[in-house]
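Please look over the sequence and the model shown here. The report that goes with them is given below.

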Amino acid sequence: MPVWQIDGHLQTIGALWARRGQGHAWPRRVPWQRERWDTPDGDFIDTDYCLPSDVRALVVLFHGLEGSSSSHYAEAMTRVAAARGWGIVVPHFRGCSGEPNRAPRAYHSGDFAEIDWMLGQVVRRWPALPRVAVGVSLGGNALLRWLQEAGAQAARSVDAAAAVSAPLDLTAAGAAIDAGLNRVLYARHFLRTMRRKAREMARRYPGLFDVERALRARTLREFDDAFTAPLHGFAGVDDYWRRASSKPHLHAIRVPTLVLNARNDPFVPAESLPTGREAGSWVTLWQPAHGGHVGFAEALGPRDVRGDVTALPRVLLPWLARAAGWRP
């Protein structure tokens, strides 16, 4: 990593500024194609995908809180995947594709039913291609919850999976992001767009939740208690965070799965991470000392101050290929 990225905060923030694997063979931005998939409840999911002409396999990527296909990790992973002849598919959680959704629903950290429907659509759209799934941060926890609920049936949709910087214990992660410097650096940033979406949802569907309390929220805990929990059928924030946390159920996973968490992640306290005994035999834990929250930038030389975030997918995708049993 660049020499100035000396702690988890700098590694987290520095990744946003790092190169995303841009090269002469690629345009500056990933040439996404978009499809809109109609959901059973009258809503839609916008899905961006990028498939090389000789595509051999697919990575289905579930983004993090308020993320999208333009997130640094999505663009970096797409470039590394393309070099292997793999395509990438990014289904956007509702409200994250740049357009408000139609239904009185958003997304949340334990949204395994939505993951199940999205993966089902990918299977139907590209049935001949083998698939792996990657979830980042919130998307990682939601993917793990789907793997746990699906059990052995998950192998019908994916051959292997990985969760990167997932908040496996939402109560611990929520307390961390709402405290001290994290509240200034991160919680305030997320809440800016989340409160705007809550206001728009209340305008279209009055009475679903206490909009004034959601707009007054200054912590993620307050916002999830006022908006996320009641909108998705939870009794409150404690009920939501408890039921949505993936850490207690890792042993239920029956597909080869990598769970990657840096021990200096500002969002995910190291003491909340699982042990090998808690993970079970299908789960591999990687818990490096450094990397921040979806950081993992690599300096390409002694004078490289930006770094490049393709370092993560260059390690992650070969692991998935081996775990899936795919030929090199």
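**Basis**

This is a predicted model, in which local features need pLDDT of at least 70, side-chain atom pairs count only at pLDDT 80 or more, and totals for chains, interfaces and linings use all residues. Residues are numbered from 1 along each chain as its sequence is written, and side-chain values use heavy atoms, with hydrogens and water left out.

**Nonpolar cores**

In soluble globular proteins, nonpolar side chains tend to be buried together. A nonpolar core here is a set of buried Ala, Val, Leu, Ile, Met, Phe, Trp, Tyr and Cys residues joined through side-chain atoms within 4.5 Å. Buried means under 20% relative accessible area, exposed over 50%, and partly exposed in between, with a 1.4 Å probe and protein chains only. Helices (H or I, at least four residues) and strands (E, at least two) are DSSP runs numbered from the N terminus.

The largest nonpolar core has 37 residues, and Phe62, Leu144, Trp146 and Leu147 have the most contacts inside it. At least two residues of this core come from each of β2 (44-50), β3 (57-62), α3 (112-125), α4 (138-150) and β6 (161-164). The greatest contribution is that of α4, with seven residues. Contact means heavy atoms within 4.5 Å. Leaving aside neighbours within four places in sequence, Phe62 is in contact with Pro91, Phe93, Ile115, Met118, Leu119, Ala133, Val134, Gly135, Val136, Gly139 and Leu143. A second, separate core has 32 residues, among them Trp86, Ala160, Ala162 and Leu258.

Rolling a probe the size of a water molecule over the atoms shows where empty space is left. A cavity is a set of points, on a 1 Å grid over the protein atoms alone, where a 1.4 Å probe fits but cannot get out; lining residues have an atom within 4 Å of a point. Grid points are joined across faces, edges and corners, and a volume is the space filled by probe spheres set on the points.

The structure holds one cavity of 30 Å³ or more, and the volume of the largest cavity is about 40 Å³. Its lining is made up of His72, Tyr73, Val294, Gly295, Phe296, Val309, Leu312 and Pro313. Two or more of the lining residues come from each of α2 (72-83) and α11 (311-324). By type, the lining has six nonpolar residues, two polar and no charged, where Ala, Val, Leu, Ile, Met, Phe, Trp, Tyr, Cys and Pro count as nonpolar, Asp, Glu, Lys and Arg as charged, and the others, Gly among them, as polar.

The buried residues of α11 include Leu312 and Pro313 of the cavity lining, along with Ala311, Leu316, Leu317, Trp319, Leu320, Ala321 and Ala324. The expected span of a helix is 1.5 Å times one less than its number of residues. The 14 residues of α11 should therefore span 20 Å, which agrees with the 21 Å between its end C-alpha atoms. Just after α11, Gly325 takes a positive phi of about 80°.

Most residues other than glycine have a negative phi. Ser137 has a positive phi of about 55° although it is not a glycine, and phi of Ser165 is also positive, near 55°. Ser137 lies in the loop between β5 (131-136) and α4, while Ser165 lies in the loop between β6 and α5 (170-177).

**Buried residues**

| Residue | Relative accessible area |
|---|---|
| Thr47 | 0% |
| Ser137 | 11% |
| Ser165 | 0% |
| Asn182 | 8% |
| Ala202 | 14% |

Thr47 is in strand β2. Not counting residues up to four places away in sequence, Thr47 touches Gln33, Arg34, Glu35, Trp37, Val89, Val90, Pro91 and His92. Thr47 and Ser68 are 21 residues apart in sequence and 9.7 Å apart in space, C-alpha to C-alpha.

Asn182 is in helix α6. With residues up to four places away in sequence not counted, Asn182 touches His9, Ala176, Ile177, Ala187 and Pro266.

Notes
1 Å grid on protein atoms, 1.4 Å probe; cavity = no way out; pocket = protein on both sides within 12 Å on 5 of 7 lines; lining within 4 Å.
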